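Thank you all for coming; I would like to take a few minutes to walk through one structure with you.

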Amino acid sequence: MDTQPPPAVLGGTGHVEIDLGAIADNVRELARVAEGAEVMAIVKADAYGHGAFPAARAALAGGATWLGVAQLDEALALRAAGITAPLLTWLYAPGADLDAAILAGLDLSVSAPWSLDAVVAAARERGTRARIHLKVDTGLTRGGALGSGWSALVDAAAAAHAAGHVEVVGVWSHFAYADAPAHPTVRAQQEVFDDAVAELGRAGLGDVRRHLANSAATLTNPAAHYDIVRPGLAVYGLSPIPDLATSSELGLREAMRVLARLVLVKDVPAGAGVSYGHTYHTASDTRVGLVPLGYADGLPRAASNAGPILVGGRRLTVAGRVCMDQVVLDLGPGATDAVGDPVVIIGRAEDGEPTAQDWADATGTISYEIVTRISSRLPRVYREP
Ligand SMILES: *Cc1c(COP(=O)(O)O)cnc(C)c1O
(Lines give C-alpha, C1' and ligand atoms only; values in the text may rest on other atoms or scores of the structure.)
Protein backbone atom coordinates (compact mmCIF):
# COMPACT_ATOMS: atom_id res chain seq x y z
CA MET A 1 0.00 0.00 0.00
CA ASP A 2 1.62 3.21 -1.19
CA THR A 3 0.59 5.97 1.16
CA GLN A 4 3.70 8.12 0.90
CA PRO A 5 2.72 11.61 -0.14
CA PRO A 6 4.59 12.87 -3.18
CA PRO A 7 7.43 15.32 -2.54
CA ALA A 8 5.36 18.40 -3.34
CA VAL A 9 3.27 17.94 -0.19
CA LEU A 10 5.73 16.16 2.08
CA GLY A 11 5.71 18.99 4.58
CA GLY A 12 1.96 19.46 4.46
CA THR A 13 -0.34 18.21 7.18
CA GLY A 14 -2.37 16.16 4.76
CA HIS A 15 -3.54 15.89 1.21
CA VAL A 16 -6.19 14.40 -1.02
CA GLU A 17 -5.12 11.92 -3.66
CA ILE A 18 -7.38 11.60 -6.69
CA ASP A 19 -7.13 8.55 -8.94
CA LEU A 20 -8.11 9.85 -12.37
CA GLY A 21 -7.94 6.33 -13.80
CA ALA A 22 -10.66 5.29 -11.38
CA ILE A 23 -12.89 8.14 -12.59
CA ALA A 24 -12.34 7.15 -16.24
CA ASP A 25 -12.98 3.46 -15.44
CA ASN A 26 -16.13 4.26 -13.46
CA VAL A 27 -17.50 6.27 -16.38
CA ARG A 28 -16.62 3.38 -18.72
CA GLU A 29 -18.60 1.05 -16.47
CA LEU A 30 -21.56 3.45 -16.30
CA ALA A 31 -21.53 3.78 -20.09
CA ARG A 32 -21.54 -0.02 -20.37
CA VAL A 33 -24.47 -0.32 -17.95
CA ALA A 34 -26.37 2.43 -19.78
CA GLU A 35 -25.52 1.17 -23.26
CA GLY A 36 -27.51 3.02 -25.87
CA ALA A 37 -27.62 6.20 -23.79
CA GLU A 38 -24.96 8.91 -23.60
CA VAL A 39 -23.28 9.69 -20.29
CA MET A 40 -23.42 13.19 -18.82
CA ALA A 41 -20.88 13.12 -15.98
CA ILE A 42 -21.98 15.44 -13.18
CA VAL A 43 -19.00 17.47 -11.96
CA LYS A 44 -20.78 20.03 -9.76
CA ALA A 45 -19.39 21.08 -6.38
CA ASP A 46 -15.81 20.78 -7.66
CA ALA A 47 -16.63 17.28 -8.89
CA TYR A 48 -17.89 16.24 -5.45
CA GLY A 49 -14.62 17.48 -3.99
CA HIS A 50 -12.43 15.69 -6.53
CA GLY A 51 -11.49 18.75 -8.62
CA ALA A 52 -13.82 19.81 -11.45
CA PHE A 53 -11.35 20.23 -14.27
CA PRO A 54 -9.24 17.08 -13.79
CA ALA A 55 -12.35 15.03 -13.06
CA ALA A 56 -14.09 16.40 -16.16
CA ARG A 57 -11.11 15.48 -18.31
CA ALA A 58 -10.98 11.98 -16.84
CA ALA A 59 -14.73 11.49 -17.29
CA LEU A 60 -14.48 12.54 -20.94
CA ALA A 61 -11.54 10.15 -21.39
CA GLY A 62 -13.76 7.40 -19.96
CA GLY A 63 -16.46 8.02 -22.54
CA ALA A 64 -18.70 10.74 -21.14
CA THR A 65 -19.98 12.93 -23.99
CA TRP A 66 -21.69 15.49 -21.77
CA LEU A 67 -20.86 17.24 -18.51
CA GLY A 68 -23.24 18.79 -16.00
CA VAL A 69 -22.79 21.28 -13.18
CA ALA A 70 -25.33 22.99 -10.95
CA GLN A 71 -24.09 26.56 -11.12
CA LEU A 72 -23.49 28.82 -14.07
CA ASP A 73 -20.16 29.94 -12.62
CA GLU A 74 -18.99 26.34 -12.31
CA ALA A 75 -19.74 25.89 -16.01
CA LEU A 76 -17.97 29.09 -17.02
CA ALA A 77 -14.90 28.02 -15.02
CA LEU A 78 -14.77 24.71 -16.91
CA ARG A 79 -15.02 26.53 -20.25
CA ALA A 80 -12.27 28.94 -19.15
CA ALA A 81 -10.11 25.91 -18.32
CA GLY A 82 -10.57 24.63 -21.87
CA ILE A 83 -13.42 22.11 -21.60
CA THR A 84 -15.32 22.20 -24.89
CA ALA A 85 -17.73 19.26 -24.41
CA PRO A 86 -21.49 19.90 -24.22
CA LEU A 87 -22.06 21.27 -20.74
CA LEU A 88 -25.41 21.68 -18.96
CA THR A 89 -25.97 24.03 -16.03
CA TRP A 90 -29.22 24.47 -14.15
CA LEU A 91 -28.95 26.97 -11.30
CA TYR A 92 -28.83 30.71 -11.84
CA ALA A 93 -30.68 33.64 -10.38
CA PRO A 94 -32.23 36.71 -11.98
CA GLY A 95 -29.40 38.98 -13.13
CA ALA A 96 -27.02 36.10 -13.94
CA ASP A 97 -24.64 36.72 -16.81
CA LEU A 98 -26.54 34.72 -19.41
CA ASP A 99 -24.73 36.59 -22.15
CA ALA A 100 -21.48 34.99 -20.96
CA ALA A 101 -23.24 31.63 -20.77
CA ILE A 102 -24.46 31.86 -24.34
CA LEU A 103 -21.08 33.08 -25.56
CA ALA A 104 -19.48 30.09 -23.82
CA GLY A 105 -21.87 27.72 -25.61
CA LEU A 106 -23.43 26.40 -22.43
CA ASP A 107 -26.66 24.42 -22.33
CA LEU A 108 -29.03 26.16 -19.92
CA SER A 109 -31.84 24.56 -18.01
CA VAL A 110 -35.11 26.44 -18.06
CA SER A 111 -37.90 25.65 -15.62
CA ALA A 112 -39.90 28.85 -15.31
CA PRO A 113 -41.20 31.73 -17.44
CA TRP A 114 -38.71 34.19 -15.91
CA SER A 115 -35.71 32.12 -16.92
CA LEU A 116 -37.02 31.54 -20.43
CA ASP A 117 -37.58 35.29 -20.79
CA ALA A 118 -34.07 36.03 -19.52
CA VAL A 119 -32.45 33.51 -21.86
CA VAL A 120 -34.47 34.79 -24.84
CA ALA A 121 -33.49 38.39 -24.04
CA ALA A 122 -29.81 37.48 -23.85
CA ALA A 123 -29.98 35.47 -27.09
CA ARG A 124 -31.73 38.30 -28.95
CA GLU A 125 -29.15 40.77 -27.73
CA ARG A 126 -26.38 38.54 -29.04
CA GLY A 127 -28.24 37.74 -32.24
CA THR A 128 -27.93 34.02 -31.67
CA ARG A 129 -29.80 30.94 -30.42
CA ALA A 130 -29.39 29.73 -26.87
CA ARG A 131 -29.37 25.99 -26.21
CA ILE A 132 -31.90 25.05 -23.54
CA HIS A 133 -33.18 21.97 -21.70
CA LEU A 134 -36.69 22.28 -20.32
CA LYS A 135 -37.04 20.94 -16.81
CA VAL A 136 -40.27 19.31 -15.72
CA ASP A 137 -41.19 18.60 -12.11
CA THR A 138 -42.32 14.96 -12.18
CA GLY A 139 -42.76 14.66 -8.43
CA LEU A 140 -39.61 15.77 -6.60
CA THR A 141 -41.21 19.15 -5.94
CA ARG A 142 -37.92 20.96 -6.29
CA GLY A 143 -36.83 22.43 -9.65
CA GLY A 144 -38.89 22.18 -12.82
CA ALA A 145 -42.27 23.29 -14.07
CA LEU A 146 -45.35 21.53 -12.77
CA GLY A 147 -48.72 20.76 -14.30
CA SER A 148 -50.25 23.73 -16.12
CA GLY A 149 -46.95 25.56 -15.52
CA TRP A 150 -45.32 22.90 -17.71
CA SER A 151 -47.88 23.37 -20.47
CA ALA A 152 -47.35 27.12 -20.42
CA LEU A 153 -43.57 26.70 -20.48
CA VAL A 154 -43.79 24.31 -23.43
CA ASP A 155 -45.90 26.78 -25.42
CA ALA A 156 -43.59 29.70 -24.65
CA ALA A 157 -40.50 27.64 -25.47
CA ALA A 158 -42.03 26.46 -28.76
CA ALA A 159 -42.66 30.09 -29.73
CA ALA A 160 -39.10 31.12 -28.80
CA HIS A 161 -37.76 28.11 -30.70
CA ALA A 162 -39.78 29.00 -33.79
CA ALA A 163 -38.62 32.62 -33.54
CA GLY A 164 -35.00 31.44 -33.58
CA HIS A 165 -34.04 32.66 -30.11
CA VAL A 166 -33.60 29.27 -28.49
CA GLU A 167 -32.94 25.72 -29.54
CA VAL A 168 -34.77 23.28 -27.27
CA VAL A 169 -32.24 20.45 -27.16
CA GLY A 170 -33.36 18.60 -24.04
CA VAL A 171 -36.12 17.73 -21.60
CA TRP A 172 -35.28 16.51 -18.17
CA SER A 173 -36.32 15.80 -14.62
CA HIS A 174 -34.98 14.27 -11.39
CA PHE A 175 -36.12 11.42 -9.11
CA ALA A 176 -37.10 11.69 -5.45
CA TYR A 177 -36.45 8.00 -4.65
CA ALA A 178 -33.87 6.79 -7.15
CA ASP A 179 -32.02 5.04 -4.32
CA ALA A 180 -35.12 2.92 -3.60
CA PRO A 181 -35.78 1.50 -7.07
CA ALA A 182 -38.96 -0.33 -6.05
CA HIS A 183 -40.56 2.77 -4.56
CA PRO A 184 -43.87 3.51 -6.34
CA THR A 185 -42.88 7.14 -7.01
CA VAL A 186 -40.16 5.92 -9.40
CA ARG A 187 -42.65 4.42 -11.86
CA ALA A 188 -45.05 7.32 -11.30
CA GLN A 189 -42.39 9.93 -12.07
CA GLN A 190 -41.45 8.11 -15.27
CA GLU A 191 -45.08 8.19 -16.39
CA VAL A 192 -45.31 11.93 -15.74
CA PHE A 193 -42.03 12.36 -17.62
CA ASP A 194 -43.31 10.41 -20.63
CA ASP A 195 -46.45 12.55 -20.70
CA ALA A 196 -44.35 15.73 -20.51
CA VAL A 197 -42.20 14.53 -23.42
CA ALA A 198 -45.32 13.74 -25.43
CA GLU A 199 -46.62 17.24 -24.80
CA LEU A 200 -43.37 18.68 -26.14
CA GLY A 201 -43.76 16.53 -29.24
CA ARG A 202 -47.27 17.88 -29.82
CA ALA A 203 -45.84 21.41 -29.61
CA GLY A 204 -43.43 20.57 -32.43
CA LEU A 205 -40.45 19.99 -30.15
CA GLY A 206 -40.11 16.25 -30.60
CA ASP A 207 -36.44 16.26 -31.50
CA VAL A 208 -35.05 16.56 -27.98
CA ARG A 209 -32.79 14.49 -25.77
CA ARG A 210 -34.56 13.08 -22.72
CA HIS A 211 -32.72 12.60 -19.42
CA LEU A 212 -33.89 11.50 -15.99
CA ALA A 213 -31.44 9.08 -14.37
CA ASN A 214 -28.89 9.97 -11.70
CA SER A 215 -26.34 7.39 -10.49
CA ALA A 216 -28.82 5.22 -8.64
CA ALA A 217 -31.29 5.10 -11.53
CA THR A 218 -28.47 4.52 -14.02
CA LEU A 219 -27.38 1.47 -12.03
CA THR A 220 -30.79 0.04 -11.09
CA ASN A 221 -33.38 1.18 -13.61
CA PRO A 222 -32.71 0.61 -17.33
CA ALA A 223 -36.20 1.92 -18.18
CA ALA A 224 -35.07 5.34 -16.94
CA HIS A 225 -31.97 5.61 -19.14
CA TYR A 226 -33.67 7.42 -22.06
CA ASP A 227 -31.13 9.31 -24.22
CA ILE A 228 -28.66 10.52 -21.59
CA VAL A 229 -27.89 9.37 -18.05
CA ARG A 230 -26.60 11.85 -15.46
CA PRO A 231 -24.46 10.02 -12.88
CA GLY A 232 -22.54 11.99 -10.28
CA LEU A 233 -21.65 10.01 -7.17
CA ALA A 234 -20.94 6.77 -9.06
CA VAL A 235 -18.42 8.58 -11.28
CA TYR A 236 -16.33 8.98 -8.14
CA GLY A 237 -16.65 5.29 -7.25
CA LEU A 238 -19.12 5.58 -4.39
CA SER A 239 -22.30 3.55 -4.11
CA PRO A 240 -25.51 5.59 -4.44
CA ILE A 241 -27.40 2.61 -2.98
CA PRO A 242 -25.22 1.60 0.00
CA ASP A 243 -28.04 -0.43 1.57
CA LEU A 244 -28.32 -2.52 -1.59
CA ALA A 245 -24.79 -2.79 -2.99
CA THR A 246 -21.23 -1.72 -2.24
CA SER A 247 -19.26 0.22 -4.80
CA SER A 248 -17.15 -2.81 -5.72
CA GLU A 249 -20.30 -4.90 -6.17
CA LEU A 250 -21.38 -2.22 -8.64
CA GLY A 251 -18.07 -2.45 -10.50
CA LEU A 252 -16.89 0.94 -9.24
CA ARG A 253 -13.66 2.06 -7.56
CA GLU A 254 -13.32 4.93 -5.06
CA ALA A 255 -11.33 7.78 -6.63
CA MET A 256 -10.58 9.85 -3.52
CA ARG A 257 -8.16 9.14 -0.69
CA VAL A 258 -7.61 11.53 2.21
CA LEU A 259 -4.17 11.02 3.70
CA ALA A 260 -2.12 12.52 6.50
CA ARG A 261 0.76 11.62 8.78
CA LEU A 262 1.18 11.43 12.53
CA VAL A 263 2.79 14.64 13.79
CA LEU A 264 3.09 13.68 17.47
CA VAL A 265 3.23 10.41 19.40
CA LYS A 266 3.36 10.33 23.20
CA ASP A 267 2.65 8.19 26.23
CA VAL A 268 -0.23 9.18 28.48
CA PRO A 269 -1.48 7.62 31.71
CA ALA A 270 -4.67 5.66 32.31
CA GLY A 271 -7.70 7.85 32.86
CA ALA A 272 -6.42 10.78 30.79
CA GLY A 273 -9.21 12.93 29.35
CA VAL A 274 -8.61 13.37 25.62
CA SER A 275 -9.40 16.45 23.51
CA TYR A 276 -11.99 19.15 24.19
CA GLY A 277 -14.56 18.26 26.80
CA HIS A 278 -12.74 15.03 27.69
CA THR A 279 -15.39 12.93 25.95
CA TYR A 280 -12.82 10.09 25.79
CA HIS A 281 -10.73 8.74 28.65
CA THR A 282 -7.84 6.35 28.20
CA ALA A 283 -8.62 2.91 29.62
CA SER A 284 -5.00 2.18 30.54
CA ASP A 285 -1.55 3.66 30.23
CA THR A 286 -1.34 4.08 26.49
CA ARG A 287 0.24 5.91 23.59
CA VAL A 288 -1.68 8.52 21.63
CA GLY A 289 -1.02 9.97 18.18
CA LEU A 290 -1.98 13.33 16.73
CA VAL A 291 -3.46 13.56 13.22
CA PRO A 292 -3.31 17.13 11.92
CA LEU A 293 -6.73 17.24 10.23
CA GLY A 294 -10.01 18.41 11.68
CA TYR A 295 -13.40 19.82 10.87
CA ALA A 296 -11.91 22.74 8.95
CA ASP A 297 -10.53 20.10 6.60
CA GLY A 298 -13.94 18.50 6.26
CA LEU A 299 -13.92 15.78 8.90
CA PRO A 300 -17.36 16.09 10.47
CA ARG A 301 -17.31 17.12 14.13
CA ALA A 302 -20.08 14.54 14.49
CA ALA A 303 -17.31 11.96 13.92
CA SER A 304 -16.04 12.60 17.46
CA ASN A 305 -15.46 9.15 19.01
CA ALA A 306 -16.77 7.62 15.80
CA GLY A 307 -14.70 8.34 12.67
CA PRO A 308 -12.50 5.47 11.42
CA ILE A 309 -8.80 6.05 10.67
CA LEU A 310 -6.28 3.49 9.43
CA VAL A 311 -2.83 3.64 10.98
CA GLY A 312 -0.16 0.97 10.76
CA GLY A 313 -2.67 -1.45 9.26
CA ARG A 314 -5.10 -1.07 12.19
CA ARG A 315 -8.47 0.59 11.98
CA LEU A 316 -8.80 2.93 14.94
CA THR A 317 -11.56 5.33 15.93
CA VAL A 318 -11.08 9.04 16.58
CA ALA A 319 -10.54 9.44 20.35
CA GLY A 320 -12.58 12.33 21.73
CA ARG A 321 -13.75 15.40 19.88
CA VAL A 322 -12.81 16.31 16.34
CA CYS A 323 -11.17 19.75 16.65
CA MET A 324 -10.88 22.38 13.94
CA ASP A 325 -7.43 21.28 12.82
CA GLN A 326 -6.64 17.99 14.53
CA VAL A 327 -7.85 14.72 15.97
CA VAL A 328 -6.28 12.31 18.46
CA LEU A 329 -5.96 8.53 18.12
CA ASP A 330 -5.47 6.09 20.99
CA LEU A 331 -2.73 3.98 19.40
CA GLY A 332 -2.70 1.49 22.29
CA PRO A 333 -0.12 0.59 24.96
CA GLY A 334 3.35 0.06 23.48
CA ALA A 335 2.23 0.96 19.96
CA THR A 336 5.18 1.23 17.59
CA ASP A 337 3.72 3.96 15.39
CA ALA A 338 6.10 6.87 14.89
CA VAL A 339 5.90 10.51 13.95
CA GLY A 340 5.66 10.71 10.17
CA ASP A 341 3.81 7.42 9.78
CA PRO A 342 1.01 7.61 7.20
CA VAL A 343 -2.63 7.50 8.20
CA VAL A 344 -5.56 6.95 5.86
CA ILE A 345 -8.71 8.83 6.74
CA ILE A 346 -10.69 8.06 3.60
CA GLY A 347 -9.68 5.51 1.01
CA ARG A 348 -10.61 2.30 -0.73
CA ALA A 349 -12.64 -0.54 0.75
CA GLU A 350 -10.71 -3.09 -1.32
CA ASP A 351 -7.48 -2.08 0.41
CA GLY A 352 -9.06 -2.30 3.87
CA GLU A 353 -9.13 1.47 4.18
CA PRO A 354 -12.00 3.42 5.76
CA THR A 355 -14.29 4.77 3.06
CA ALA A 356 -16.40 7.88 2.64
CA GLN A 357 -19.35 5.53 3.18
CA ASP A 358 -17.85 4.41 6.53
CA TRP A 359 -17.55 8.07 7.59
CA ALA A 360 -21.14 8.65 6.48
CA ASP A 361 -22.35 5.63 8.46
CA ALA A 362 -20.39 6.82 11.52
CA THR A 363 -21.98 10.26 11.40
CA GLY A 364 -25.52 9.63 10.18
CA THR A 365 -25.14 11.19 6.74
CA ILE A 366 -24.51 10.17 3.13
CA SER A 367 -21.18 9.75 1.35
CA TYR A 368 -22.08 12.69 -0.92
CA GLU A 369 -21.79 15.03 2.05
CA ILE A 370 -18.51 13.55 3.25
CA VAL A 371 -16.62 13.96 -0.04
CA THR A 372 -18.10 17.31 -1.08
CA ARG A 373 -17.07 18.84 2.24
CA ILE A 374 -13.42 17.80 2.13
CA SER A 375 -11.92 21.25 2.31
CA SER A 376 -9.93 23.10 -0.32
CA ARG A 377 -7.35 23.60 2.45
CA LEU A 378 -6.13 20.10 1.59
CA PRO A 379 -4.16 20.09 -1.65
CA ARG A 380 -5.38 17.68 -4.33
CA VAL A 381 -2.75 15.46 -5.87
CA TYR A 382 -3.74 13.82 -9.12
CA ARG A 383 -2.68 10.35 -10.19
CA GLU A 384 -2.84 10.11 -13.95
CA PRO A 385 -4.16 6.79 -15.33
C1 LIG B 1 -26.49 16.06 -8.50
C2 LIG B 1 -27.44 15.71 -9.57
C3 LIG B 1 -27.26 14.56 -10.34
C4 LIG B 1 -26.26 13.49 -9.98
O5 LIG B 1 -26.77 12.77 -8.89
P6 LIG B 1 -26.03 11.51 -8.27
O7 LIG B 1 -27.00 10.97 -7.29
O8 LIG B 1 -24.78 12.02 -7.64
O9 LIG B 1 -25.74 10.60 -9.39
C10 LIG B 1 -28.09 14.37 -11.44
N11 LIG B 1 -29.05 15.27 -11.74
C12 LIG B 1 -29.26 16.37 -10.99
C13 LIG B 1 -30.35 17.31 -11.34
C14 LIG B 1 -28.49 16.63 -9.88
O15 LIG B 1 -28.73 17.71 -9.12
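I will talk about the ligand and its surroundings, and then turn to the salt bridges.

Please keep in mind throughout that what you see is a predicted model. Let me begin with the place where the ligand is found, which is the largest pocket. Around the ligand there are 14 residues, and the closest of these are Lys-44, Tyr-48, Ser-215, Leu-233 and Tyr-368. If we sort this shell by class, we count seven nonpolar residues, together with four polar and three charged ones.

Which side chains, then, bring an N or O atom to an oxygen atom of the ligand? In the side chain of Ser-215 such an atom is 2.5 Å from a ligand oxygen, in that of Tyr-48 the distance is 2.6 Å, and in that of Asn-214 it is 3.4 Å. As for how covered the ligand is, taken alone it exposes 390 Å², and the protein buries 95% of that area.

Now to the salt bridges, of which the structure holds 20. In one of them, the side chains of Glu-38 and Arg-209 meet at 3.7 Å, N to O. Because Glu-38 belongs to strand S2, residues 38-42, and Arg-209 to strand S8, residues 209-213, this pair ties together parts that lie 171 residues apart in sequence.

Note on methods. Residues are numbered from 1 along each chain as its sequence is written. This is a predicted model: local features need pLDDT of at least 70, side-chain atom pairs count only at pLDDT 80 or more; totals for chains, interfaces and linings use all residues. Side-chain values use heavy atoms; hydrogens and water are left out. A residue is near a molecule or strand if one of its heavy atoms lies within 4 Å of it. A polar contact is a pair of N or O atoms within 3.5 Å; within protein, one must be able to donate a hydrogen and the other to accept it, and residues adjacent in sequence count only if both atoms are side-chain atoms. Accessible areas come from the Shrake-Rupley method with a 1.4 Å probe; for residues, only the protein chains shown count as cover. On a 1 Å grid over the protein atoms alone, a cavity is a set of points where a 1.4 Å probe fits but cannot get out, and a pocket is an open set with protein on both sides within 12 Å along at least five of seven lines; lining residues have an atom within 4 Å of a point. A molecule sits in a cavity or pocket if more than half of its atoms lie within 2 Å of its grid points. Ala, Val, Leu, Ile, Met, Phe, Trp, Tyr, Cys and Pro count as nonpolar, Asp, Glu, Lys and Arg as charged, and the others, Gly among them, as polar. A salt bridge is a side-chain nitrogen of Lys or Arg within 4 Å of a carboxyl oxygen of Asp or Glu. Helices (H or I, at least four residues) and strands (E, at least two) are DSSP runs, numbered from the N terminus.
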